[in-house]
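Subject: A structure for you to explore

Hi there,

Here is the structure I promised to pass on. Please open it next to this email and have a look around before you read my notes below.

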Amino acid sequence: MATTSIRENLLRVQERILAAARRAGRRSEEITLIGVSKTHPAEAIREAFEAGMRHFGENRVQEWEGKYGGIQDLKATWHLIGHLQSNKATRAAKLFHSVDSVDDFALAQRLDRARIESNGPGKLRVLIEVHIAKEEAKSGTEVEELPVLAEKVAGLPMLELAGLMCIPPFAENVEEARPYFKRLRELRDDLTKRLGLVLPVLSMGMSHDFEVAIEEGATEVRVGTALFGTRNMMKVGQ
């Protein structure tokens, strides 16, 4: 995809974010756009950066390791948004600024320990992924277990628990995703009251439904196809 195409796509996405924020009585500056660059080459990430993108999301540690060398000079924020296997936690803690898919305490402990051992610059930001719709194919902590996990993760010295993330079931009618986004916001608000945690981040909404997510309080949206076009199916493991 040419630079102009990515630039044009970014402008269109930004316009959609602005319109959704206005409908919700919010400022578009409250919403961080994460460009989901998984399966796209380093050149596309550089083009997106030159067009104004500053946050990027990757799904797999191994794929990111293969691309990072070509773009490590970029002053961007790198998010791991896919399910993280615990045996790759050490590598993830060194490669990413944020792990947005923590779903159990053992994984959080590994990330915390890796951050300590690597003498990294400050805490590693993390989000807890919530299994919001109980779909078997998707990961995340169960809603019933969220308060205990959040309290434990918040107590780890080298992790900064910033909020929650979810992936609702895909539906052609984006309104069907609204109850799940609303539910995640309510879960965040409940944690804030029950545990006294400051959790400013709600990462929810993708290319097809991020406007509804913004209307329901999303502070970060993860957009891939609408920015980069159809993904290339790269044959790499996590």
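Let's begin with charge: the protein chain carries 34 positive and 35 negative side chains. The centres of these two sets lie 3 Å apart. Please keep in mind as you read that this is a predicted model.

Next, the overall build. The protein chain contains nine helices and eight strands. Its radius of gyration is 17 Å, close to the 18 Å that the globule rule gives for 238 residues, so the chain is as compact as a globular protein of that length. If you follow the C-alpha trace along its principal axes, it spans about 45 × 40 × 30 Å.

What about the inside and the outside? Of the 238 residues, 50% count as buried. The protein chain exposes about 11,200 Å², and carbon and sulfur atoms supply 48% of that area. As for how the chain folds back on itself, take the contacts with a separation of 6 or more: residues 24 or more positions apart account for 62% of them.

Now zoom in on helix 3, which covers residues 61–68. Which of its residues are buried? They are V61, E63, W64 and K67. Seen down the axis of helix 3, these buried residues fall within an arc of 160°, so they line one face of the helix.

E29 sits in the loop between helix 1 (3–23) and strand 1 (32–36). Is E29 buried or exposed? Its relative accessibility is 61%, and the cut-off for exposed is over 50%, so E29 counts as exposed.

Leaving out residues up to four places away in sequence, M158 touches D112, R115, I116, G122, K123 and L124. D209, by contrast, is 51 residues from M158 in sequence and 33 Å from it in space, C-alpha to C-alpha.

Enjoy exploring, and send me any questions you have!

Best wishes

Notes:
Residues are numbered from 1 along each chain as its sequence is written. This is a predicted model: local features need pLDDT of at least 70, side-chain atom pairs count only at pLDDT 80 or more; totals for chains, interfaces and linings use all residues. Side-chain values use heavy atoms; hydrogens and water are left out. Helices (H or I, at least four residues) and strands (E, at least two) are DSSP runs, numbered from the N terminus. The radius of gyration is taken over C-alpha atoms; the globule rule is 2.2 Å times the number of residues to the power 0.38. Buried means under 20% relative accessible area, exposed over 50%, partly exposed in between (1.4 Å probe, protein chains only). Contact means heavy atoms within 4.5 Å. Accessible areas come from the Shrake-Rupley method with a 1.4 Å probe; for residues, only the protein chains shown count as cover. Lys and Arg count as positive and Asp and Glu as negative; His and the chain ends are not counted. The place of a charge is taken as NZ of Lys, CZ of Arg, CG of Asp or CD of Glu. The arc is that of the directions from the helix axis to the C-beta atoms.
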